[in-house]
Amino acid sequence: MQDNRVSIRPVLNLSSVQKEENFQNTTLRPILKLQNDLIMSVFLHFCKKQKIAMSKIAKEHFQQEVTALIKKNAVLRNQLLGVIIGQFTQEEFAKYVEKDSEFNKRILSMMGKRIYDNQQRA
């Protein structure tokens, strides 16, 4: 029986031979795309709550600031990871926990890039 969470994800035609990269392309990227609006809302709400004026940061420093915020603030980092991990099926979670540290780095890196790209379009 297919989990309903998988059926609502966007289909991305990406594949890889490496196990970790394949998990990234078949699970993480579609979830990140699906959750894009929520990721942005969580990030912007955090900035507002912490009185961080992201709009005042120069464009050339914006990506570094986003990366630093995600790396240094455990509350933000855990909220953002929860947005993604909460969309896993049981099987995906089992794969995730095998190398959770590596996958967390991948998730946060892709998320930082996504936040940066969304802000550049705004």
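**Notes on the core and helix packing**

1. Among the 29 residues of the largest nonpolar core, those touching the most other members are Leu28, Ile39, Phe43, Leu76 and Ile84. Such a core is a set of buried Ala, Val, Leu, Ile, Met, Phe, Trp, Tyr and Cys residues joined through side-chain atoms within 4.5 Å, where buried means under 20% relative accessible area (1.4 Å probe, protein chains only). At least two residues of this core come from each of H2, H3 (36–49), H4 (59–72), H5 (74–85) and H7 (100–121), and H7 gives the most, with seven residues. Helices here are DSSP runs (H or I, at least four residues) numbered from the N terminus.

2. The model is predicted, so local features need pLDDT of at least 70 and side-chain atom pairs count only at pLDDT 80 or more, while totals for chains, interfaces and linings use all residues. Residues are numbered from 1 along each chain as its sequence is written, and side-chain values use heavy atoms, with hydrogens and water left out.

3. Leaving aside neighbours within four places in sequence, Phe43 is in contact (heavy atoms within 4.5 Å) with Met54, Val66, Leu69, Leu76 and Ile115.

4. H4 and H5 pack with their axes, which are lines fitted to C-alpha atoms over the stretch in contact, 5 Å apart and at an angle of about 90° on a scale from 0 to 180 degrees between N-to-C directions. That makes H4 roughly perpendicular to H5 (65 to 115 degrees). Leu69, Ile70, Lys71 and Lys72 of H4 make the contact with Ala74, Leu76, Arg77 and Leu80 of H5.

Notes. Buried < 20%, exposed > 50% of the residue type's maximum accessible area, 1.4 Å probe, protein only. Parallel < 35°, antiparallel > 145°, perpendicular 65-115°, else oblique.
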